[in-house]
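Work through the exercises below with the sequence and the model at hand. Each task is followed by a stepwise solution.

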Amino acid sequence: MAPAGTWIGQWERDGSILEVEVTFALTAAGYEGAFSSAQLRVVGIPFRRVRYEESTLSWELVGDATTTVFEGTVLGDALAGRKRAEREPGGVPIDGGRV
């Protein structure tokens with residue numbers, strides 16, 4: 001199932017669990033996505049390089065000091081994978097569900 005829609009889940013950052021919301025939409029140019037987190041007080045931060053092919057989903061979240069890369073799988077209304085940034089060489093698990 002394609003990733004279009006709103007997803008709610010949790011990410012770990014610096015040892016803390018963050019509630020997050022990510023959204024994806026299919027446009028003429030391909031998939032676009034954005035990230036929001038009330039705990040971080042951010043809304044609609046756009047992803048870069050969103051790619052989706054045969055249940056595999058990846059994107060980049062580019063910040064001021066670091067870039068976080070997500071790679072995972074969409075299975076129905078479940079999204080699971082790992083995110084990694086420069087300071088997280090092994091990556092951190094992520095999971096969530098479609099709203």
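**Exercise 1: the setting of one residue**

Leaving aside neighbours within four places in sequence, Phe-70 is in contact (heavy atoms within 4.5 Å) with Leu-57, Ser-58, Trp-59, Leu-79, Ala-80, Gly-81, Arg-82, Lys-83 and Ile-94. The model is predicted: local features need pLDDT of at least 70, side-chain atom pairs count only at pLDDT 80 or more, and totals for chains, interfaces and linings use all residues. Residues are numbered from 1 along each chain as its sequence is written, and side-chain values use heavy atoms, with hydrogens and water left out.

Task: State in which strand Phe-70 lies and why Phe-70 counts as buried.

Solution.
1. Phe-70 belongs to strand S7, residues 67–75; strands are DSSP runs of E with at least two residues, numbered from the N terminus.
2. Its relative accessibility is 2%, so Phe-70 counts as buried (under 20% relative accessible area, 1.4 Å probe, protein chains only).
3. Pro-93 is 23 residues away along the chain, and its C-alpha atom is separated from that of Phe-70 by 9.5 Å.

**Exercise 2: the whole chain**

Task: Determine how many helices and strands the protein chain has, and what its radius of gyration is.

Solution.
1. The protein chain has 0 helices and 9 strands (helices being DSSP runs of H or I with at least four residues).
2. The radius of gyration, taken over C-alpha atoms, is 12 Å, close to the 13 Å of the globule rule for 99 residues (2.2 Å times the number of residues to the power 0.38), so the chain is as compact as a globular protein of that length.
3. Of the 99 residues, 36% are buried.

How values were computed. Buried < 20%, exposed > 50% of the residue type's maximum accessible area, 1.4 Å probe, protein only.
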